[in-house]
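Subject: Structure for your review

Dear colleague,

Please find below the structure that I am handing over to you. The findings follow it.

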Amino acid sequence: MLERKTRSPRAETTAAAHGVATDTAFGSVVPPLYLSSTYEFAGFETPRAYDYGRCGNPTRDLLAQALAKLEGGAGAVVTPSGMAALDLLIGRLTRNDLVLAPHDCYGGTLRLLKARADLGHLTLRLVDQKDLGGFQAALSDVPALVLIESPSNPLMRVVDIARLSDVAKAAGAAVAVDNTFLSPALQRPLSLGADYVIHSATKFLNGHSDVIAGAVIAADPREAQDLKRWANITGAIAAPYDAWLTLRGLRTLFARMSMQERNAMKIAEYLDAHPAVRHVHYPGLAGHRDHELAKRQQGGFGAMMSFELAGGVPAVREFLAHVSCFTLAESLGGVESLVAHPATMTHVDMGAEARARAGIRDELLRLSVGLEHIDDLIDGLEAGLNAC
Ligand SMILES: *Cc1c(COP(=O)(O)O)cnc(C)c1O
């Protein structure tokens, strides 16, 4: 019995109930939302746990604790966006620090890294992280930070996080993994050797497409503390209401993930068998080139996929005019299903040449699969594909 009591809660329990029934003022079951920007001192030279909202906020801190626990980290900072989370992490670098990032990373990530490099805040090199030889060669210049995104957006390429972390750390680099696509419900990069996890909490963590937020989680307690210090210095802090909403969204993370993934698997199989579809990128399919690695490294295959239409761009136009149940929009990870056209939407800033190099074709469509009934989702896709 004793052992049972002292064991730390399982991840599902943390997501569903971290901070529940801890309110000492009124016994509210749901953790209260503290909007106050400032806190009364107990007396002269006697601050309480909180003094000013930029330095700390109980609602934001509760979410940070939950995320740190879920990712198995020492601490977390909740930022106003995913991009702010990355900027907080790279903001501590200096001009000679080399950042090694995937050549096919999230468009906003690439834009931020390039903008910082252009200002001389860091040195940037893009590499194909599927090419282990090339990756190892790039390590000879001793990067300060290696950024990994797995699965990648939008092609769902999976890299071996443990292997890359191992060689990167042996070369003296810190490793950060963008875990937005899978969330800690399905992948825990710190347990694979990474030093940091970053998130766009806008996506699966919140899961309801009504918040923009982000997070950085650090494995090392001193690094977690230092990131908190920098968040206070720069003001890279999420609003309390956004933190509260994200914590509410997080309650159902595991349930959402498991059902969205189930829908995604069925959709991937359906698309894979459809003559209007040339290729489906979903690691859950046995034919996906990273299927075995994804199976080993991830707790599941997630709810994101992309596919190429056999009919090229004209087919894309027809598909999007006729598809239903999937809304044409950027973003992902919500309870509602979305379809996006990377070449003209999420990855437009990348430029045609870089897209071609990364393998992002003009006939590629990306799906974020939600919680609708699977038959409605398939009917909706069928309406689009029949028109192609
Ligand atoms: C959306 C996204 C981001 C950026 O997050 P924001 O909350 O939009 O700033 C970063 N990485 C990935 C993989 C994303 O999907």
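How many cavities of 30 Å³ or more does a search of the whole structure find? The search finds one. Before the details, a note on the basis of what follows. This is a predicted model, in which local features need pLDDT of at least 70, side-chain atom pairs count only at pLDDT 80 or more, and totals for chains, interfaces and linings use all residues. Residues are numbered from 1 along each chain as its sequence is written, and side-chain values use heavy atoms, with hydrogens and water left out.

Cavity and pocket

On a 1 Å grid over the protein atoms alone, a cavity is a set of points where a 1.4 Å probe fits but cannot get out, whereas a pocket is an open set with protein on both sides within 12 Å along at least five of seven lines; lining residues have an atom within 4 Å of a point. Grid points are joined across faces, edges and corners, and a volume is the space filled by probe spheres set on the points.

The largest cavity has a volume of about 70 Å³. Among its lining residues are Asp104, Asp128, Lys130, Glu149 and Arg157. Its lining divides into two nonpolar, three polar and five charged residues (nonpolar: Ala, Val, Leu, Ile, Met, Phe, Trp, Tyr, Cys and Pro; charged: Asp, Glu, Lys and Arg; polar: the others, Gly among them).

The largest pocket holds about 520 Å³ of space. Its lining comprises 34 residues, and Met83, Tyr106, Gly108, Ser200 and Lys203 lie nearest the centre. By class, the lining has twelve nonpolar, 15 polar and seven charged residues. At least two lining residues come from each of α4 (82–90), α5 (107–118) and β6 (196–200); helices (H or I, at least four residues) and strands (E, at least two) are DSSP runs, numbered from the N terminus. With four residues, α5 gives the most to this lining. Domain 1 (11–250) and domain 2 (253–386) each contribute at least three residues to the lining of the largest pocket, the bounds being from an automatic or database domain assignment.

Ligand

Residues around the ligand (a heavy atom within 4 Å) include Met83, Tyr106, Asp178, Ser200, Thr202, Lys203 and Leu332.

- Met83: a backbone N or O atom lies 2.9 Å from a ligand oxygen atom.
- Asp178: a polar side-chain atom lies 2.7 Å from a ligand nitrogen atom.
- Thr202: a polar side-chain atom lies 2.7 Å from a ligand oxygen atom.

The protein covers 92% of the 380 Å² of accessible area that the ligand has on its own (Shrake-Rupley method, 1.4 Å probe).

Backbone

Pro151 is in the loop between β4 (145–149) and α7 (161–170), and a cis peptide bond joins Ser150 to Pro151, with omega about 0°. A cis peptide bond also joins Asn153 and Pro154, with omega about 5°. Met156, in the loop between β4 and α7, is not a glycine, yet has a positive phi of about 60°.

Yours sincerely

How values were computed: Polar contact = N/O pair within 3.5 Å; in protein donor to acceptor, adjacent residues only side chain to side chain.
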